[in-house]
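Subject: Structure handover

Hello,

Here is the structure for your files, with notes on what turned up in it below.

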Amino acid sequence: MSDKAQEAAKVAASAIRDEAKLGELTEALSGGSRRARQNAASALAIVAKEAPEMLVPQGSAFVDALNRPEAQTRWECLDILTALVDCDSRTCDKAVPGAEAALFDEESGPVRLAAMRFLCKLGATTENRSEKVWPLVDEAIQCWHGDLEFQDMLVAVVDFSAGKLALQVKEELRDRMKFDAENGKGALKRRAQQIVENVQAG
């Protein structure tokens with residue numbers, strides 16, 4: 001574990017124990033220092049993995065932080081929001097525009113991947129949400145096919161395909177992945193086949 005990661009873990013542990021510290025970290029996300037924003041986002045992402053329910057009251061701060069210029073703050077906050085889907089999906093709905101911008105960020109692969117994971121997790125929760133996020137997920141599948149992060153994106157799409165999807169979304173997802181399921185190779189083929197199987201079984 002790097003020094004930076006160790007420091008983030010230490011800060012996260014103290015924030016879980018101390019509500020005031022948690023508040024300070026959340027405030028730092030909207031502060032003027034890029035480094036402070038990044039450090040706060042890293043620590044809060046660890047809190048989100050360990051105790052997501054603690055971050056529910058601060059949900060709107062993470063939505064707002066998707067507008068920060070630096071990639072790291074945005075991808076960490078998308079990871080936080082992904083963890084919050086199960087606790088507070090309504091606040092997460094407000095993050096869709098920020099996630100859409102992140103999904104097509106040409107500068108940062110980690111930001112695109114975090115956005116795909118968030119949208120797939122949110123979209124899998126209800127049929128209505130699946131209809132809302134599907135055009136974005138579909139466009140990203142086409143846009144980033146063959147990209148460095150694409151295989152990891154497909155893992156998120158596999159989870160999406162097993163969710164509560166509207167019938168039309170299932171059909172369109174099946175059609176989108178059919179070619180790769182039949183003609184792909186290796187992990188791409190396996191994941192595409194899994195997606196097709198999931199939407200047919202649902």
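A salt bridge here is a side-chain nitrogen of Lys or Arg within 4 Å of a carboxyl oxygen of Asp or Glu. Please note that this is a predicted model: local features need pLDDT of at least 70, side-chain atom pairs count only at pLDDT 80 or more, and totals for chains, interfaces and linings use all residues. Residues are numbered from 1 along each chain as its sequence is written, and side-chain values use heavy atoms, with hydrogens and water left out.

Salt bridges

Ten salt bridges come out of a search of the whole structure. In one of them, Arg37 pairs with Glu70, with 2.8 Å between the closest N and O atoms. Arg37 sits in helix 3 (residues 34–50) and Glu70 in the loop between helix 4 (59–64) and helix 5, so the pair ties together parts that are 33 residues apart in sequence. Helices are DSSP runs (H or I, at least four residues), numbered from the N terminus. Arg37 and Glu70 are both buried, where buried means under 20% relative accessible area, exposed over 50%, and partly exposed in between (1.4 Å probe, protein chains only).

Asp138 and Arg176 also form a salt bridge, at 2.5 Å from N to O. Asp138 belongs to helix 9 (residues 127–143) and Arg176 to helix 11 (residues 167–183), 38 residues apart. Asp138 is buried at 14% relative accessibility, while Arg176 is partly exposed at 32%.

Domains and their interface

The chain divides into domain 1 (1–93) and domain 2 (94–201); the bounds come from an automatic or database domain assignment. Their centres, taken over C-alpha atoms, are 25 Å apart. Domain 1 puts 16 residues into the contact and domain 2 puts in 20, contact meaning heavy atoms within 4.5 Å.

Together the two domains bury about 1,500 Å², 62% of it on carbon and sulfur atoms. Buried area is the accessible area (1.4 Å probe) that two parts lose on being put together, summed over both. On the domain 1 side, Leu78, Thr82 and Asp93 lose the most area to domain 2, together 36% of what that side buries.

Three salt bridges cross this interface. Arg74 and Asp105 meet in a salt bridge of 2.8 Å, N to O. Arg74 is buried, at 12% relative accessible area, and Asp105 is also buried, at 12%.

Regards

Terms used. Helix = DSSP H or I, 4+ residues; strand = E, 2+ residues; numbered from the N terminus.
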